[in-house]
Amino acid sequence: MAESATSQEMAKMVEQPEIDFRALDDLIKERFAGDQENLIMILQAINKEYNYLPRPALNYVSTRLDVPLSQIYGIATFYSMFSLEPRGRNIVTICLGTACHVRGGERIKERLESHLGIHAGDTTEDMRFTLETVRCIGCCSLGPVVTINEKVYARTDSEKTLKTLDQYE
Amino acid sequence: MRITKKDQLQKIRGEVQDSIYAPTLLKINVGMATCGIAAGAKDVYDKAREIFNEQEVLVARTGCLGLCEEEPLVDIQTPGQPRIVYRRVSADKVMELVEAHQKAEYLEKAILGQMKDPRSILEDDIDNPLKTIFSSNSIPTLEEIPFYSKQLKIALRNCGYIDPESIEEYIGRGGYFAAFHALHDMEPEEIIEAIKISGLRGRGGGGFPTGIKWATCRKAHGEKRYVICNADEGDPGAYMDRSVLEGDPHSVLEGMIIGAYAIGSNEGFIYVRNEYPLAVVRLIEAIKQAENHGLLGDDILGSGFNFNIKISTGAGAFVCGESTALMRSLEGKVGRPRAKYIHTVEKGYRDSPSTLNNVETWANVPAIMSKGAEWYASLGTEKSKGTKVFSLVGKVKNTGLVEVPMGTSLRTIIYDVGGGILRKKKFKAVQTGGPSGGCVPEGLLDLPVDYERLTQAGSMMGSGGMIVMDQDTCMVDVARYFLEFLQEESCGQCVPCREGIMRLLQVLTDICAGKGKDGDIELLEDLSDTVVKLSLCALGGTAPNPVLTTLAYFRNEYETHIYDKKCPGGVCKELFYYEIDEENCNGCHVCFRKCPEQAISGEKKEVHTIDQEKCIKCSICYESCKFDAILIK
């Protein structure tokens, strides 16, 4: 089976995280009081921990909170911050809010797509970058902006952004 | 310390006034909202902390002063000397600025202005602390520079003036006195009456009268009532809620405490969008401080009233800004709106009566209770009272947050406050109201901005985004952009919105790709009509607005795209090409060096040419040419 897998699939297989079920249980029961109403925030915490929502973790949440997996799937696919696929080590997010759009955010996206050889929403084969877009992070006066992981790069353009990528391994 | 008496509030206020208005040491305030940090404010703050000893120089952080274009903004005051705001301060420069201050000199080039009067609107009971200081020299005052001179700050009264993580500084600026007065001296009905008289309307976009909302909720049947703050600021191009939460979170908490008491609620929520991590941090800190001071929890301010606030973060869904969707999301479910035959004030969160107001609305409440409903009602226009915060962004010189009285004209906002269009280009339109709003053309620039007039113009107030567009903007592309946004964000449960928006987008995409055909405009109008009339919620009901307003005001651009196969704005790539103007090109070689595709050739000091086969129309040459020699054909 390993022979037929593409390198991207291989990379993703390697990246499969170990789930710390004990920590997950504490998260659900203690931090979020085992309350179904906190489901979205529980998923946010898992997404933050693993950079995506691993299936085994979702199965556990489903059992522990007594919420059908289908409902969790509904939430995971409805809200844009969740990912069901492993994401890269660095998340590059291009703001496509209106102010950034009129100041050329779209052009930065096109340049990055061609530079990285992926479309927005995808991850490079080496798992180094995931390219995403966001509709406004509220830095409209400094547009166009790009965020890499948590850091916001303001008043940027495609050339500057390409140079910045080198800082991230 | 739990506050139960007004004397205690007074005492804190008196102590803090000294420290914020008459520091005993040189004090540096660094504007540290997300916008400031993105521009480098954190480096400035860290550097200042590192080089200055606490015994010699005080380094503090504040929220955003509004003129985000000039971030990082830093204000510096030496005891007894003017308080000066500097623009675009880098970490390297801060030392230089401070050394100059220590010699009572100021680096004029970096000065934005000196504060003439730092008091907030709630502090007219004290003298201007800078009264004797500001007049003694010739530096221009902040209040008189065009960006600030037309503004009146009510919701933004503390942003940029206080440390957002200090409850004492909020109290020092007259905060929590309104809550004390309301909880101790007023009946809930009196508060509701005052809010009704003030004329305050929902600042999130709907414009529903806040007092009526509260009154209906108070009367609705239900064991428990809920108070919700909508901080799911999803409109692209609008960020006033972020700024208030990051710069003055206590103003929102105080508004919610007053509202909860008026409605009869003991439990509140703040639903913040996930894209605003700093706002969440500041809110959590503010809630903790309020609890420690007896301003949240049991027996608030010794009045016997109990109220708690929880924070819930959104997970990236524009539709969750809609009240019924937001409440479902609060319940941990998929955020799909429901029909509002029964309003949320009667059956909202957990099917209980719920009052949901936007951040800016809540931040206005303490000011109204402090200064009086009549004062608030005296500002603005006949049906739209008070002020409105706009985020003035796009192709305008002074980008930032501006708060002006309702009824101020678009021209004043864009040209006086905003300083006009970037790089001497020509104004084309201003987009207001987010994706549900519309584009207002030059002919309507003298329109006084209020809820009714923007709606009459085919747009809407929305949450206050104001995106200025110049000649290089394609209006068909703008409509396509918003429809693309709305198609992604439609929750998909009702057919007119899900399918209608998709079809509108397909038609617009075709037009932008040069595949427009006769009858497309009529098709757009017909489809829009259906989507408006039949959609379940406001997202769908207003989704065609960007199409309808651009069709109303810029129909010729659609026609040029469809019949002439041209994009005059130079945006739709299939419909234009760049050409070098032989007269204007002086062979400076800038475009040659910058072109990522090596599509430009020519010797230095000679006219260059573009190889159309290689050109990918990335616009880098167009934007970098200082001689207007790149033409859109």
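Let's start with disulfides, meaning two cysteine sulfur atoms within 2.5 Å: a search of the whole structure, over all chains, finds zero. Take A:Cys136, whose closest cysteine sulfur, in A:Cys140, lies 3.7 Å away, so the two are too far apart for a bond. A:Cys136 is also buried, at 2% relative accessibility, where buried means under 20% relative accessible area with a 1.4 Å probe, protein chains only. In chain B, B:Cys625 is in no disulfide either, its nearest cysteine sulfur being that of B:Cys588 at 6.1 Å.

A quick word on the model: it is predicted, so local features need pLDDT of at least 70 and side-chain atom pairs count only at pLDDT 80 or more, while totals for chains, interfaces and linings use all residues. Residues are numbered from 1 along each chain as its sequence is written, chains are lettered from A in the order in which they are written, and side-chain values use heavy atoms, without hydrogens and water.

Now, the interface. How many residues of chain B are in contact with chain A? There are 69, and they meet 37 residues of chain A, with contact meaning heavy atoms within 4.5 Å. The two chains bury about 3900 Å² between them, 53% of it on carbon and sulfur atoms; that is accessible area (1.4 Å probe) lost on being put together, summed over both. On the chain B side, B:Ala38, B:Ala315 and B:Tyr481 lose the most, together 15% of what that side buries.

Finally, four salt bridges cross this interface, each a side-chain nitrogen of Lys or Arg within 4 Å of a carboxyl oxygen of Asp or Glu. B:Lys573 forms one with A:Glu110, the closest N and O atoms being 2.7 Å apart.

Note on methods:
Buried < 20%, exposed > 50% of the residue type's maximum accessible area, 1.4 Å probe, protein only.
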